[in-house]
Amino acid sequence: MKHIAVLTSGGDAPGMNAAIRAVVRTAIYEDLKVSAIYRGYQGLIENDIETMGPRSVANIIQRGGTILRTARCMEFFDEEGRAKAAGNLKKHGIEGLVVIGGDGSFRGATKLYREHGVAVIGIPGTIDNDIYGTDVSIGFNTAMNIALEAIDRLRDTAASHDRLFLVEVMGRKSGHIALNVGVAGGAEAILVPEAEMAAEDVVKLVINAQERGKSSSIIVIAEGAYEGGAMALRDELRAQCSYEVRTSILGHMQRGGSPSTRDRVLASRLGFHAIKGLLEGQSGVMVGVDKRGTVFVALEDVFEKKKEIDTQLFEIAKVLAI
């Protein structure tokens with residue numbers, strides 16, 4: 001293998017630039033030519049590709065977002081679009097492709113691998129941490145830190161005004177962010193898609209907290225945990241309990257900003273091993289980390305299997321909220 005390329009796809013995540021840097025510099029260290037594909041699969045179809053050097057990725061490790069940018073590409077869902085993308089790789093002499101993104105991005109990478117024989121390796125980059133096969137994905141740690149800082153600030157206001165705050169965090173259909181920041185922020189209740197909780201049960205928790213002497217409460221809710229989101233739950237709580245209820249939806253601020261130390265190190269490690277894997281003949285896999293260290297997982301497993309949340313954290317949260 002003499003020439004590889006890298007692209008980012010799906011939602012941006014803090015640490016993606018650190019992964020790009022690691023891929024580019026490791027490839028160059030191994031005497032490979034390396035190219036950047038801009039705007040994900042859309043850029044690949046439109047041939048938006050350029051050669052990178054070691055200085056091309058200077059001073060990006062601390063930056064959020066992705067310098068390669070990302071875009072949705074409906075054309076890539078069609079066989080004709082994927083054939084065009086594979087043709088552009090061949091035109092440039094690109095033999096291996098590193099895809100940084102989530103499960104949707106990996107589905108696309110698998111199509112290139114299966115249909116056109118492109119050697120591909122995925123790097124998990126999503127704040128949701130919902131990627132099967134890796135204990136943690138790039139961006140998750142930073143997103144948690146941002147959400148936790150907001151919860152800590154809201155806790156001060158809640159205590160000052162005897163208020164109940166609903167804090168909605170991102171995660172799509174995954175509760176990893178909500179569960180972890182809920183425990184870390186001392187939330188009285190945590191709502192996640194994996195363990196649904198009715199509004200009346202939340203009300204009982206709040207009332208019980210009042211009876212135990214609590215004058216304020218924080219409830220953390222994942223964006224996909226309650227139909228209608230935090231605003232709908234707020235209306236239910238206002239109707240059923242005596243608290244003055246306020247809602248804070250953190251939204252996309254969790255995806256931006258400078259990546260944490262942990263995310264920078266993780267991204268550097270995964271970018272390094274992605275290139276090593278390609279050189280060793282690995283393809284159709286994602287590189288991740290677990291208790292064993294760095295691991296390679298078949299891409300089909302990544303998007304066909306579900307990553308479970310740490311249910312023990314619910315018990316911990318319940319005990320510590322007394």
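Leucine 164 stands opposite serine 217 in strand S8, and S6 and S8 pair in the parallel sense over six bridges. Two strands count as paired if DSSP finds at least two bridges between them. Helices (H or I, at least four residues) and strands (E, at least two) are DSSP runs, numbered from the N terminus. This is a predicted model, in which local features need pLDDT of at least 70 and side-chain atom pairs count only at pLDDT 80 or more, while totals for chains, interfaces and linings use all residues. Residues are numbered from 1 along each chain as its sequence is written, and side-chain values use heavy atoms, with hydrogens and water left out.

**The sheet with S6**

- Four strands form an open sheet with parallel pairing, in the order S7-S8-S6-S9.
- Strands S7 (189–191) and S9 (244–249) stand at the edges with a single partner strand each, so one side of each has no neighbour in the sheet.
- From one strand to the next, the twist averages 20°. Angles run from 0 to 180 degrees between N-to-C directions, and axes are lines fitted to C-alpha atoms, for helices over the stretch in contact.
- Strand S6 (residues 163–169) runs parallel to S9 and is joined to it by six bridges.
- Contact means heavy atoms within 4.5 Å.
- S6 is mostly covered, with seven of its seven residues buried. Buried means under 20% relative accessible area, exposed over 50%, and partly exposed in between (1.4 Å probe, protein chains only).
- Both faces of S6 are covered: Arg163, Phe165, Val167 and Val169 are buried on one side, and Leu164, Leu166 and Glu168 on the other.

- S4 pairs with strand S1 (residues 3–8) in the parallel sense over five bridges, and valine 6 stands opposite valine 98 in S4.
- S4 also pairs with strand S5 (residues 119–124) in the parallel sense, over six bridges. Isoleucine 123 in S5 is the bridge partner of isoleucine 100.
- Between S4 and S5 the chain passes through helix H4 (residues 103–116), and this β-α-β crossover is right-handed. A crossover is right-handed if, with the strands pointing away from the viewer, the path from the first strand over the helix to the second runs clockwise.

**Helices H3 and H4**

- Helix H3 (residues 79–92) packs against H4 at an angle of about 80°, with the axes 10 Å apart.
- H3 and H4 are therefore roughly perpendicular to each other. Angles from 65 to 115 degrees count as roughly perpendicular, under 35 as roughly parallel, over 145 as roughly antiparallel, and the rest as oblique.
- Arg82, Ala83, Ala85 and Ala86 in H3 meet Lys111, Leu112, Glu115 and His116 in H4.
- The residues of this contact divide into four nonpolar, one polar and three charged. Ala, Val, Leu, Ile, Met, Phe, Trp, Tyr, Cys and Pro count as nonpolar, Asp, Glu, Lys and Arg as charged, and the others, Gly among them, as polar.

**Valine 287**

- Valine 287 lies in strand S10 (residues 285–290) and counts as buried because its relative accessibility is 0%.
- Not counting residues up to four places away in sequence, valine 287 touches a set of residues including Ile121, Gly122, Ile123 and Pro124.
- Valine 287 and threonine 134 are 153 residues apart along the chain, and their C-alpha atoms are separated by 7.9 Å.

**Residues with positive phi**

- Most residues other than glycine have a negative phi.
- Asparagine 47 has a positive phi near 65°. Its place is in the loop between helix H2 (40–45) and strand S3 (49–51), and at 30% relative accessibility asparagine 47 counts as partly exposed.
- Aspartate 162 is not a glycine either, and its phi is positive at about 55°. Aspartate 162 sits in the loop between H5 and S6 and counts as partly exposed at 42% relative accessibility.
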